[in-house]
Amino acid sequence: WGKEGHIMVCKIAEKYLSEKAAAAVQALLPESAGGELSTMCPWADQVRWHYHWASPLHYANTPEVCNFKYSRDCHNSRGEKGMCVVGAINNYTEQLYSYGKKTSYNLTESLMFLAHFVGDVHQPLHVGYAEDEGGNTIIVHWYRRKTNLHHVWDVSIIDTAIKDFYNRSMDTMVEALKMNLTGGWSDDITHWENCKNKRSTCANDYAIESIHYSCNYAYKDVEQDITLGDDYFFTRYPVVEKRLAQAGIRLALILNRIFDGDEADG
Ligand code: ADE
Ligand code: ZN
């Protein structure tokens, strides 16, 4: 996601943090965060070219198939295993379990990476096809503006929604998503949170969901140089809303499990 997507995911997550998790997050956040996790959630993109090694950790790609297999797909360009968004989520989660113990990890960075990557694994095209770099090489027009398919899903759909539905206010969109979570989606949350893995996360499942959304929505009926407008926007926007909300709920779930200890495991 772009900056706004990441901020919205983390604003939702903040609302669902347990007391202990909220306290741990406060303790780990840098001064510049102003006490809000959401302000730090775009950080991993800002350092993407400085932390060169971390660039492949934002995504995972498949060999043009609509399924995700960790052993086949989770690696960087040098073939190092685990160097993808799923491996990164599990790795930074594991690091954060050392909170309160003696550790050599920079847990502030672990938290900021984790919060960012849980957002990214829910952006469908962050689990796309390697051949087109998750839609980055598919040039399209978004209404009259030239862009690429990856950017449409990172930014343009959200921007258009904020402009057309929410009076140009991201905060109004976040409020609408939160309302949905206590209304229409309230019965879905238990399913979204269903994760049997004890100490690891279910990031692998979230990646499988994303490649399915990529095939069935993002790539569907799209070809090089096509113009995408109302038809595409109105059919894909609900997927974007749902993925932002799911990412927020699941980030809170992961953080609550880490910081609440075993007894309060939901
Ligand atoms: N670069 C290459 N593949 C990518 C993807 N799926 N998402 C974001 N950046 C990428
Ligand atoms: Zn990213």
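Predicted model: local features only at pLDDT ≥ 70, side-chain atom pairs only at ≥ 80, totals over all residues.
**Exercise 1.** Find what confidence the predictor assigns to the protein chain and to the complex.

*Solution.* Begin with the protein chain, whose mean pLDDT is 97, with 98% of its residues reaching 70 or more. Then turn to the complex, for which the predictor gives an ipTM of 0.95 and a pTM of 0.97.

**Exercise 2.** Describe the surroundings of ligand 1, going from its residues to its polar contacts and its burial.

*Solution.* First list the residues around ligand 1, which are Arg48, Tyr59, Asn61, Leu125, His126, Glu133, Gly134, Asn136 and His150. Then look at individual atoms: a polar side-chain atom of asparagine 61 lies 2.8 Å from a nitrogen atom of ligand 1, while leucine 125 places a backbone N or O atom 3.0 Å from a nitrogen atom of the ligand. Taken alone, ligand 1 exposes 260 Å², and the protein buries 90% of that area. Finally, consider the space that ligand 1 takes, which is the largest pocket.

**Exercise 3.** Determine how many disulfides the structure holds, and work out the handedness of the one between cysteine 10 and cysteine 41.

*Solution.* The count comes first: the structure holds four disulfides. One of them joins cysteine 10 to cysteine 41, with an S to S distance of 2.0 Å. The torsion about the S-S bond of cysteine 10 and cysteine 41 is about -100°, and therefore this disulfide is left-handed.

Conventions
Residues numbered from 1 in each chain as written. Chains lettered and ligands numbered in written order. Heavy atoms only, no water. Near = heavy atom within 4 Å. Polar contact = N/O pair within 3.5 Å; in protein donor to acceptor, adjacent residues only side chain to side chain. Areas by Shrake-Rupley, 256 points an atom, 1.4 Å probe, with all protein chains shown as cover. 1 Å grid on protein atoms, 1.4 Å probe; cavity = no way out; pocket = protein on both sides within 12 Å on 5 of 7 lines; lining within 4 Å. Sits in = over half its atoms within 2 Å of the grid points. pLDDT = per-residue confidence, 0-100. Disulfide = S-S within 2.5 Å.
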